[in-house]
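User: Could you take a close look at the ring-bearing side chains for me, and then carry on into whatever else is worth a look? Keep it chatty, but give me the numbers.

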Amino acid sequence: MRIYRIGAMLLLIFVISSSISAQKKEITLEDIWLRGAFRSAGYRAGESMNDGLHYSLMVQTPAGFSVVKNRYSDGKTVDTLVSAASLTKAFGKPFTFSGYEFSADEKLVLLTTDAEPIYRHSTQAVYYIYNPSTNELQRLSKTPSQRLAFFNPEKNIVAFVHDNNLYIKNFQTGEETQITTDGKKNEIINGATDWVYEEEFGFDRGHYWSAKGNYLAFYRFDEREVPVFSMDIFGNDLYPRQEQFKYPKAGEKNALVSIKIYQLSTNKTIEVQLPESYEYIPRIKWTPDDATLMVYAMNRHQNTLDLYLVDANSGKAEKIFTETDRAYVDVNDNIRFLSANSFIWTSERDGYNHLYLVENRGKKISRITRGNWDVTEFYGYDPSTRTLYFQASALHPGRTEVYSIGLNGRNMRRLTSDDGTNIASFSKTFRYFIHTHSRSGKPPVIAMRDNTGKLIRMLESNETAQNRLESYNLSPTEFFAFKTSEGVELHGWMIKPADFDPNKKYPVLMHVYGGPGAQTVVDRYDPANHFWHQMLAQKGFIVVSVDNRGTGHRGAAFKKATYLQLGKLELIDQIETAKYLSSLPYIDKERIGIWGWSFGGYLSSLAITKGADYFKLAIAVAPVTHWKFYDTIYTERYLRTPQENPSGYDDNSPAQFASRLRGKYLLIHGTADDNVHYQNAMYMAERLVQANKDFDMMMYPDKNHGIYGGYTRLHLYRKMTDFILNHL
């Protein structure tokens, strides 16, 4: 009797759990790409104000957008800095703006309107200057549009770019001064950057005020000798429109770059006189000394970076510091000046990316952080406490934590206790930081903390998003590691079907990016691809991703192992992953596919051709198919030029192995991709045709590297889903 009752209870529990499981929803593509079912609530941190106790925030009101002032300590609004109603009164009708920036004294506001994209990161707009105390609103310039406008730190002046020329506007007197006159599309750029600097060095602003605003340093690009790339924009007109821009492909000529300094007191412009010739000037930074500029100068191989201090009155430059590497030196913004002669710097010189103190014009270098882990972001330095704040992957390459440490390298302290991905945004005085924490499949939790890590208040718990997830039939993300036949430890994650049966055999789809310094194996929330992978798991697939050699957060040796042979070790490691998976009893080794986007599309294309013995299917979205088609800065950083390293280009470019294709291959590209050109897809297609190989192809008219807009993403993922269901 007792045994019967226990058995009945177990049966009842099984029936109830099965019923609950059956009631849970299955993911659809419409959930992901139309309804945004897995998006989580964020927290608009706003901009820290000068006192470090408050932040400004753009908010929607019935009258339109306003900017308010909130307290960090409790989040309460204490003032309205820009009133939508007042703007309407000043403008004479409702005034719409999409961005704002305060002057250094926070008395004036620069408002952005009518912003339009140029390339992936750059925009042009119409700017207005607003004085809240007098409710005066004036258009920045008589020119039809402007770029990159920003305030002088002490004077009533704004600098901006129009039609590749640099201007300044004195908004107190109304005087507008054109500093340069030789700017012309596809020839000369003043005060902004060219395409390849914007994409690969990561910035588009090319002009900067000195500490007290007496000098304006700016870039000048002479791109007349750079080859032109042409791209058809089809649109709806009878004839396509041709877009032309300067794009230096590997081995071709770059723009000639120089740095100039405009002196407000004399209205004269001088040129920085570097004593050596350099291919790249990837950064310029003003020091705390108003008349001293720092210039980063780099050779074409990008393995030597020299830092110069420049006299803003004479243009003369003195080299004070050099960073070298056997492969390449990564350029970033991880520098903070203690004075004109000393600064905090990040370097991989000891094998991992760490913080250093550089003093006495480069004569003394002291390491601040140490260990077999990478500093992944430098948040800044608080001089009042001589404390540095940074992010690191100190515990696992796929996770990050927030830390503080003394300038002397002592008292390192972890400020975030939860495992996963931890991101900080500090106030100007480093008294508070906004902490965003997430894990795979777990929406972000956002909190306000003080600089010891103590919780001040919760900002966003995302309980609604978490509850929504619980209505779906989801599987946990399992993180794992294995060693290859070469003894290399690789890290990965795996998503199994929710009803996983270890006695069954499952097909596998591998997801790859694999590019230099990047990662897919990260413990953080992803509202898009993660749930597509979950959807595939619901349909009976196991989805896996493994970070190959060349990826980030594992030190310089692991990241730079692929130097001069991009794709070789990456493919070996993805093949080793397929072999490892094949050894598992629940994997069908005859049904392993792989997919990726951009560099991941390149690797998936290489896998189905050069690695054809191990993969049944591949999907490549926007792939490079031969490295000769990609830009100078990125490609030559890892391969040098095609003239110097022809085998490095040919030996691991997918188009070279078109004749080896045996599995099913889907090639996808946007025709208006200004980054990885559609030419790559055309080149690959022709190679496959001439090798008499069948393949599938989908192009997206007038779509760029992101392939989005309207129903585009839904269509794209439906295409990929059907291809997987039909062929894997």
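Analyst: **Rings, and then some backbone**

Let's start with a charge on a ring: the charged end of R554 sits over the ring of F558, 4.0 Å from its centre. Bear in mind as we go that this is a predicted model.

Now for rings meeting rings. The structure holds 60 aromatic pairs, so let me pick out a couple. Take F343 and W345: the ring centres are 6.0 Å apart and the planes sit at 75°, so this pair is edge-to-face. Both F343 and W345 are buried. Then there's Y634 with Y638, where the centres are 4.9 Å apart and the planes are at 75°, so this pair counts as edge-to-face too.

What puts about one helical turn between Y634 and Y638? They are four residues apart in helix α10, which covers residues 632-639, so about one helical turn separates them.

As for α12 itself, residues 679-690 make a helix of twelve residues, reaching 16 Å from first C-alpha to last, close to the 16 Å expected at 1.5 Å a residue. Its buried residues are N680, A681, Y683, M684, A685 and L688. Just past the end of α12, N692 takes a positive phi of about 60°.

Helix α3 (residues 84-91) has its own details at both ends. At its start, a side-chain oxygen of S83 comes to within 3.3 Å of the backbone nitrogen of A85. After α3 comes G92, with a positive phi near 90°.

Finally, a sheet. Four strands make an open sheet in the order β28-β29-β30-β31, paired antiparallel. The edges are β28 (375-382) and β31 (413-414), each pairing on one side only. Strands β28 and β29 (residues 387-392) run antiparallel and are joined by six bridges, with D382 standing opposite T387 in β29.

Within that sheet, E401 is worth a stop. It lies in strand β30 (residues 401-406), and it counts as buried because its relative accessibility is 2%. What does the E401 side chain reach? It gets to the backbone nitrogen of A394, at 3.2 Å. Leaving out residues up to four places away in sequence, E401 touches F390, Q391, A392, S393, A394, L395, R414, T416 and N422.

Terms used
Residues numbered from 1 in each chain as written. Predicted model: local features only at pLDDT ≥ 70, side-chain atom pairs only at ≥ 80, totals over all residues. Heavy atoms only, no water. Expected span 1.5 Å × (residues − 1). Buried < 20%, exposed > 50% of the residue type's maximum accessible area, 1.4 Å probe, protein only. Pairing = 2+ DSSP bridges. Polar contact = N/O pair within 3.5 Å; in protein donor to acceptor, adjacent residues only side chain to side chain. Phe/Tyr/Trp six-rings, centres within 6.5 Å; stacked < 30°, edge-to-face > 60°. Lys NZ or Arg CZ within 6 Å of the ring centre and 35° of its normal. Contact = heavy atoms within 4.5 Å.
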